[in-house]
Each structure stands twice: as C-alpha cells, then as structure tokens.
Amino acid sequence: MQRKLHPLEGIVAAFALVFVLALTIGFAQAGEPKKVALRSNAVLVVDAATGEVVMDKNGDAVTPIASITKLMTAIVILESGLDLQTPVALTREDVDLKKGSRSRLRTGVSLTRDELLLIALMASENRAAAALGRSYPGGTQAFVAAMNEMSAELQMNDTRFVDPTGLSPQNVSSARDLAKLVRAAHGYPLIREYSTRGRATVLLSGKQKMNYHNTNGLVRNSRWEIDLSKTGSISEAGRCLVMQARLGSKDMIVVLLDSWGKHSRVGDANRIKKWVETTAAAGIQG
C-alpha cells in the first residue's frame, strides 16, 4: 500500500520544487545580459566591420547635432586639397553671434589651417571651424554647400547643414546618418588622430602658445580604446557624443544624441561598453 505523505512533507516538497525552478531560471538568466537603461534620447551602436545594428533607440529621429557637425567640416577641408600649412587670420566673421559661445581665439590672430582643424576636432573650437569654412574658396556659403553635397554622397538623407560649427540648431541629422558620417570620417587618418588626441598646444600667429584638451575625457581613460571621437552640445541638441571604439573585441560605432544630464553621455557610453562586453562574454560561455 502506498504511504500517504505527511502534510509537513508535502510542504517541504513544494518548497523544494519552487527552489529548483528558481535556481533553473536564475542560471538561465545569468547567461543573458540585462537590457541597458540609457539616458540619451537617441542611441545607435553598430558593428563597424559588418554594419550590424547592436543597439537602436530612436535611431531614425531627426534632431540638432551641435558640434558633431565638425566631423563633416573636417572631411570637406581634407577633400578640398587645400594647403593645411597656410595661415588663416581670424576675423569678426568667425565670432559666434548666434549663441554667444566663448572662445580664447582673438580676432586678428592667425593659425595654420592644420592647427584650426586640430582644435576644431579635439577641443570643439567654434571660431576655428568658422574660420575653416570662411577661408574655403567661395567662402562659408560654398563650404556649406560642399558639406551638404558630401552628406548626399554618403546617403545621409536625414541630414542638413547650414554652418560649419554646429552652433545652429538647423544642423540636423539622425543617429543612423551619423553612424555613416563616423564610418566615412574614420577613413581619414588625420581625423582619427586629431579627434582622439588628449591634449595639444598651438601657436597663435606663430608666437603665443595656447593649450587645449579633448572635450571627450574618455580618450584619456586607459580602459577605453577610441579610434575616433567627437562631442557636441547646444541647448536644442542636448549633449551628444559619437565614437568609433573597441568594445568587446570588436570595433563599434557609438552614437549618443540629446542627452541632458551633464555626465549622461559619458555614463551612457560606459553602460554600453559594459553591456557589449557582458553580451560578448555570455556568447562565448554559451
């Protein structure tokens, strides 16, 4: 005859079953990386080698892009074949009257086009970018036209430029388009070098030294391997950051747009890095 279970034995068995199920689910979830909560309103992470989209949050939303613009400014300058060693004097036309942004570059001083390119990319110096556009054959208007022609060539269909600095909120794009811009900019060794240099010194009018640092502190962080970087920030665009970096043993393009907290774009970049590396580790273990 089959022995009837004591009520206490039934309770113990039930608890044991629940424990085993919880343990099984826990082990299954341990191999699955948690979804990452990001504070930027538009995010795109793309495998640079394959074009595979790894993460997408509002990737097609069109928004102001601030100084991310300067990547296109650099491409147009390098494509023009203009002599980078030619001195360019700053004029009142290079002064920002839209946003009243500050600059340590006084009108009347001169820098080589190479130095202007360096501090425009590394330190996001607006007067440097404005001078690059103004000194282009045909002036700023012709330069902006060349920027839009290049964006059309790159099939950046959501993108429009009206100035070479990014101070205008009418410079707009999407995260998906900016991933194309990063990929194109990465093809220029000088853009890679200048956009990731931690610090630099330039000579004003060949005499006075002036020191600059990179607006993206991550380029000075030993835990990051960054091949290309550009920050941007105006009130209409929030804080923006684009990079090509080594994440989880792969080269990834990271686009972060419209992040409003002071440290949110860097926080998001670190969260993405951790998520990609956790996902890669889970894939290897699986």
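Strand β9 (residues 226-234) is largely enclosed by the rest of the structure, because seven of its nine residues are buried, where buried means under 20% relative accessible area, exposed over 50% and partly exposed in between, with a 1.4 Å probe and protein chains only. The model is a predicted one, in which local features need pLDDT of at least 70 and side-chain atom pairs count only at pLDDT 80 or more, while totals for chains, interfaces and linings use all residues. Residues are numbered from 1 along each chain as its sequence is written, and side-chain values use heavy atoms, with hydrogens and water left out.

Helices (H or I, at least four residues) and strands (E, at least two) are DSSP runs, numbered from the N terminus, and two strands pair if DSSP finds at least two bridges between them. Five strands form an open sheet with antiparallel pairing, in the order β2-β1-β11-β10-β9; its edge strands, each pairing on one side only, are β2 (53-57) and β9. Two of the pairings are set out below.

Between β9 and β10 lie three residues, and the two strands form a hairpin.

A nonpolar core is taken here as a set of buried Ala, Val, Leu, Ile, Met, Phe, Trp, Tyr and Cys residues joined through side-chain atoms within 4.5 Å. The largest such core has 63 residues, and those with the most contacts inside it are L71, M72, I75, L105, L111, I191 and V255. Apart from it lies another core, of 19 residues, among them V43, W224, I272 and W275.

M72, leaving aside its neighbours within four places in sequence, is in contact with M147, M150, S151, L154, M156, F161 and L181, contact meaning heavy atoms within 4.5 Å.

The axes of helix α2 (residues 69-80) and helix α5 (residues 139-153) come within 10 Å and cross at roughly 100°. The two helices, α2 and α5, are therefore roughly perpendicular to each other, a term that covers angles of 65 to 115 degrees. On the α2 side the contact is made by T69, M72, T73, I75, V76, I77 and E79, and on the α5 side by F143, A146, M147, M150 and S151.

Notes:
Axes are lines fitted to C-alpha atoms, for helices over the stretch in contact, and angles run from 0 to 180 degrees between N-to-C directions. Angles under 35 degrees count as roughly parallel, over 145 as roughly antiparallel, 65 to 115 as roughly perpendicular and the rest as oblique.
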